[in-house]
Amino acid sequence: MPLNVRNIYDLMQLAPGSINSTGVNLENASACGSATNVNGIRLNFNQFQLDGVDNTGLTGGSDAQPSPDFVAEFRIMTNNFSAQYGAAGGSVTDVSIKSGTNSFHGNAWEYFRNDVLNARNFFSDTVPSLKENQFGAAAGGPIKKDKLFFFGSYQGLRNRPQSVARQASVPSTAERNGDFTSL
């Protein structure tokens, strides 16, 4: 499944009653996975678990954001939790990571985005520049057959600065003096 910026916590928005709240609540919008509002509960009432261990950060998002290549199972629970999930009122997102096997396996990938096919902003004369590379690899295998295994993943992002067109209005001299009759 394609994920923008490969954020595994974007899958939370597939659950019924979940909405993307990016920009609505700036308090938690930058935390990993915390920009999803579930069943109308505040963003910081979501709980995140990684292999059964609490992974919830101080601002309500997840502390660690695993790469999609590192994830074996993703599960979101939105109501009627069992007793082991007693720390959340909104949702519980449980992520299980992959482990090694008796055979070596892995993959490498890169996503490249640029401005060649992008449209121009209505208020801009040119298309803003965009050069973004996201890359990574995952590998696993045996250390000692049937006893000890390894699995690891790396993900990197190189994003060159982008220009953004903004529109603003400047108050007139009368408006700066408190006279708003022209509005």
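The side chains of S91 and N46 are joined by a polar contact of 3.0 Å, a polar contact being a pair of N or O atoms within 3.5 Å in which, within protein, one atom must be able to donate a hydrogen and the other to accept it, while residues adjacent in sequence count only if both atoms are side-chain atoms. This is a predicted model, in which local features need pLDDT of at least 70 and side-chain atom pairs count only at pLDDT 80 or more, whereas totals for chains, interfaces and linings use all residues. Residues are numbered from 1 along each chain as its sequence is written, and side-chain values use heavy atoms, with hydrogens and water left out.

N46 lies in the loop between β2 (36-38) and β3 (47-50), and S91 is found in the loop between β5 and β6; strands here are DSSP runs of E with at least two residues, helices are runs of H or I with at least four, and both are numbered from the N terminus. S91 counts as buried because its relative accessibility is 0%, and N46 is likewise counted as buried, at 3%, where buried means under 20% relative accessible area, exposed over 50%, and partly exposed in between, with a 1.4 Å probe and protein chains only. The side chain of N46 also reaches the backbone oxygen of T36 at 3.0 Å. Leaving aside neighbours within four places in sequence, the contacts of N46 (heavy atoms within 4.5 Å) include M12, T56, G60 and A88. With residues up to four places away not counted, S91 touches M12, V38, F45, N46, Q47, I76, M77, T78 and F81.

From this pair of loops the reader can turn to the strands. An open sheet of four strands has the order β4-β3-β6-β5 with mixed pairing, and its edge strands, each pairing on one side only, are β4 (53-54) and β5 (71-77); two strands pair if DSSP finds at least two bridges between them. Within this sheet β3 and strand β6 (residues 92-97) run parallel and are joined by four bridges, with Q47 standing opposite V92 in β6.

A second pairing is that of β8 and β9, which is antiparallel and extends over twelve bridges; here Q134 has L157 in β9 as its bridge partner. The hairpin of these two strands has three residues between them, and in this hairpin D146 takes a positive phi near 65 degrees.

Strand β9 (residues 148-159) also contains F150, which counts as partly exposed because its relative accessibility is 34%. Together with F104, I143 and L148, F150 forms a nonpolar patch on the surface with about 430 Å² of accessible area. Patches are made of residues with over 30% relative accessible area and no salt bridge, like charges being joined within 9 Å and nonpolar side chains (Val, Leu, Ile, Met, Phe, Trp, Tyr) within 5 Å, and a salt bridge is a side-chain nitrogen of Lys or Arg within 4 Å of a carboxyl oxygen of Asp or Glu. Another phenylalanine, F123, is found in the loop between β7 (105-114) and β8 (131-144) and is exposed, with a relative accessible area of 51%. F123 and Q167 are 44 residues apart in sequence, and their C-alpha atoms are 7.3 Å apart in space.

For the chain as a whole, the secondary structure comes to one helix and nine strands, in the order β-β-β-β-β-β-β-β-β-α along the sequence. Buried residues make up 32% of its 183 residues.

Notes: Accessible areas come from the Shrake-Rupley method with a 1.4 Å probe; for residues, only the protein chains shown count as cover.
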